[in-house]
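Here is a short briefing on one protein model. Look at the whole fold first, then at two residues.

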Amino acid sequence: QATVTAGIVSALARDIPGDATSFQHFIQTDAAINPGNSGGPLLNINGDVVGINTMIASRSGGNQGIGFSVPSNIARSVMESLIRHGRVLRGFLGIGLQDLDESLQKEFNVEPGVGAVVNEVRPGTPAAQAGLKEYDVITAVNGKKIEGYKELQLTIAALSPGTSVKLELIR
């Protein structure tokens, strides 16, 4: 009664264009994902679950060969947080971010692919309490280089609330 499609992985760490709210990179696959059948496992050649099929990129609403899966390690951490806390807990700075386009790289004297610029610091948040300022360029978290706003967002979100972090920045 079960079915299987090829599910060849064509890309890792994909982001959905225009989706600033997603807290993970997706696995891109050609698995047949259609409305009503998402949520099935994406398996490797050994039968291990590596992802949970989640969504498709389609103008018609039906499968056109590009699907996205949540990596299994992300799904597991969400599940564990739901079991332990009844909700998903994520680290939070309280800032708005954007990538550095070419003109901002020149203005801040930053190499391409380095950091994310703070475009808002919300009052009363951990970022405000730590003294972050608008136009700070965050280049690393706990020594890990940051290449853009999405990577910074994912790195912070993966931490438990209340965790102290060391930010490297250009002011």
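Val-49 touches Pro-41, Leu-42, Leu-43 and Ser-72, leaving out residues up to four places away in sequence. Keep in mind that this is a predicted model. The protein has 171 residues, and 31% of them count as buried.

**Val-49**
- Val-49 sits in strand β4, which covers residues 49-56.
- Its relative accessible area is 42%, so Val-49 counts as partly exposed, a class that lies between the 20% and 50% cut-offs.
- Asn-73 is 24 residues from Val-49 in sequence. In space, their C-alpha atoms are 9.7 Å apart.

**Thr-155**
- Thr-155 belongs to helix α4, which spans residues 149-157.
- Is Thr-155 buried or exposed? Thr-155 is buried, because its relative accessible area is 15% and buried means under 20%.
- Thr-155 is in contact with Val-141, Lys-144 and Ile-146, leaving aside neighbours within four places in sequence.

**The whole fold**
- The protein contains 4 helices and 10 strands.
- In sequence order, the pattern reads β-β-β-β-β-α-β-α-β-α-β-β-α-β.
- Take the contacts between residues at least 6 apart in sequence: 47% of them join residues at least 24 apart.

**The surface**
- The protein exposes about 10,500 Å².

Conventions
Residues numbered from 1 in each chain as written. Predicted model: local features only at pLDDT ≥ 70, side-chain atom pairs only at ≥ 80, totals over all residues. Heavy atoms only, no water. Helix = DSSP H or I, 4+ residues; strand = E, 2+ residues; numbered from the N terminus. Buried < 20%, exposed > 50% of the residue type's maximum accessible area, 1.4 Å probe, protein only. Contact = heavy atoms within 4.5 Å. Areas by Shrake-Rupley, 256 points an atom, 1.4 Å probe, with all protein chains shown as cover.
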